[in-house]
Amino acid sequence: MLAGRNRLPRNLSLKSRLEISRLLRHGQRISGNYFTLVWQPADRFGYAILVSRRHGSAVRRNRLRRLFREAIRLYRNQLEKPREMALLPKWNDEKPDFDLIRNDVARVFEKLNDEL
RNA sequence: CGAAGCAGGAGGAACAGUCGCGCUUUAAGUGCAGAUUUAAAGUGAGGAAAGUCCGAGCUCCACAGAAUCAGGGCGCCCGGUAAUUCCGGGGCGGAGUGAUCCGACGGAAAGUGCCGCAGAAACUAUACCGCCCGCUAACAGCGGGUAAGGGUGAAAUUGUGGUGUAAGAGACCACGGCCACCGGCAGAGAUGUUGGUGGUGGGUAAACCCCGCCCGGAGCAAGGCCAAAUAGGGGAAGAGGGGUUGAUUCGCCCCGUUAGAUUCCCGGGUGGGCUGCACAGAGCAAUCGCGUAACCGGUUGCCAAGAUAAAUGACUGUUGGUUUCCUUGCGAAGCUUACAGAACUCGGCUUAUCUCCUGCUUCGUUUU
RNA sequence: CGGGGUGUGGCGCAGUCAGGCAGCGCGCUUGCUUUGGGAGCAAGAUGUCGGAGGUUCAAAUCCUCUCACCCCGA
């Protein structure tokens with residue numbers, strides 16, 4: 001891995017309520033084992049991870065968000081075209097495991113490349 | 001050796017490396033600029049960051065404006081502290097064989113209320129069984145006396161002994177208990193102890209209340225500045241309205257009276273940035289001194305997260321820790337853990353919780 | 001982050017201030033009535049009062065801690 005290849009700065013995350021609600025309304029969906037991906041074509045890569053109080057305590061929510069963000073960081077370069085995407089982790093009581101999440105994200109990204 | 005009590009302490013795996021994120025500083029690039037990109041260095045969650053239960057700082061409400069009422073809090077003593085309902089020490093009461101622990105710990109003799117059921121009777125009156133006396137037609141009934149015993153109840157009229165009597169009773173006596181007042185001694189005080197006089201009236205104040213002391217309200221989404229947007233939008237009411245404390249009064253302040261304050265209804269816009277705010281402080285660490293201690297004082301060193309759809313993450317190796325398995329050994333496999341994530345900042349309290357360590361004390365058993 | 005509120009049968013609520021057998025409406029079950037259903041009538045079942053401690057003789061009620069849910073804010 002060359003330095004600088006797998007960066008994921010903060011300003012790539014989607015922050016506006018307007019952007020996110022538009023993405024959720026019009027985007028297409030792909031399901032993984034641990035999350036649902038909503039995506040649409042865009043000029044520039046952008047991501048959002050949506051966790052709510054349904055996902056557990058503050059520690060658990062932080063942990064989920066960080067693990068998903070790390071997975072996106074590692075596999076972002078496999079995408080062939082820029083996409084805007086939102087990840088909706090599924091609710092369960094299990095302890096989040098990074099390997100499972102990482103593999104899941106990799107598989108879903110491959111599916112995303114097959115579309116169009 | 002076993003059981004138990006108390007007082008603390010350590011860690012939140014360590015080291016090395018790779019990738020990544022936030023912030024600060026510096027340098028370089030781009031740009032008129034706001035900014036933005038890259039690199040380097042520094043730095044980056046807790047003992048509870050939590051609950052938001054207390055106490056403060058800070059900000060606004062005119063400078064906590066004044067009075068009365070309402071409301072709230074606290075309640076043995078002394079000390080500590082910026083302050084507290086917190087902390088330390090002591091007193092008293094209770095639990096425990098004990099070390100030790102627990103206590104919203106002023107007043108029920110100022111007044112009011114309540115005390116269901118049961119019971120004769122629940123606080124000022126009374127008697128179911130019983131006991132005693134009298135009368136009668138006598139294993140019973142009626143009248144009277146009594147409250148020692150039984151019974152009811154969470155609670156029953158101050159305890160023990162005696163005198164007394166038909167039987168009994170603070171009816172009386174002695175010694176106690178408790179309360180009030182006046183002293184003596186010890187103590188800084190709570191209090192302890194002791195003497196006198198008078199009294200003897202159940203419980204409940206986390207029921208109202210009384211006594212003493214204290215408390216102005218709201219909160220960093222406080223508050224200040226800038227930018228952007230609509231629009232000096234439409235309709236109705238309208239001469240007073242609003243703020244200042246929960247209420248009233250006084251005082252004060254602000255806006256307004258046809259160029260329309262304010263209220264209601266309808267419709268619409270922005271929901272961005274900077275500051276507050278990342279802190280030289282009731283600061284942290286080490287050490288010395290005073291004090292039983294909380295704490296206080298001196299010296300030296302340090303400057304220690306600052307996000308905002310919200311940074312603090314992932315992986316590899318070694319070591320350590322730990323669990324399981326068996327072929328018991330420099331074995332293998334797994335795990336790296338509980339509770340839990342800063343959001344203006346402190347001091348406490350409370351609640352949740354993993355692993356390990358140290359010291360002191362008590363009780364029991366055995367041996368000497 | 002800050003402020004405030006609510007938890008009581010299956011559902012919606014009263015009772016909490018002022019402590020003393022835990023109630024009301026709808027629903028549910030059974031029976032009667034009807035050719036059958038509905039309506040009606042009669043009878044009945046249903047509660048850790050969100051949880052844990054404390055005060056009290058006695059707690060849904062008073063006090064403390066705790067859990068869940070809801071509302072408000074520039």
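Two strands are said to pair if DSSP finds at least two bridges between them. Strands here are DSSP runs of E with at least two residues, helices are runs of H or I with at least four residues, and both are numbered from the N terminus.

Good morning, colleagues. This is a predicted model, in which local features need pLDDT of at least 70, side-chain atom pairs count only at pLDDT 80 or more, and totals for chains, interfaces and linings use all residues. Residues are numbered from 1 along each chain as its sequence is written, and side-chain values use heavy atoms, without hydrogens and water.

I begin with strand 4. Strand 2 and strand 4 run antiparallel and are joined by 7 bridges; P89 of strand 4 is the bridge partner of F35. With strand 3, residues 46–49, strand 4 pairs in the parallel sense over 4 bridges, and there A48 stands opposite A86.

I turn now to helix 3. Helix 3 covers residues 98–114. Its buried residues are I101, D104, V105, A106, V108, F109, L112 and N113. What covers them includes strand 1 (28–31), strand 2 (35–41), helix 2 (58–75) and strand 4 (83–89). At the start of helix 3, a side-chain oxygen of D97 comes to within 3.1 Å of the backbone nitrogen of D99. Thank you.

Note on methods
Chains are lettered from A and ligands numbered from 1 in the order in which they are written. The expected span of a helix is 1.5 Å times one less than its number of residues. Buried means under 20% relative accessible area, exposed over 50%, partly exposed in between (1.4 Å probe, protein chains only). Contact means heavy atoms within 4.5 Å. A polar contact is a pair of N or O atoms within 3.5 Å; within protein, one must be able to donate a hydrogen and the other to accept it, and residues adjacent in sequence count only if both atoms are side-chain atoms.
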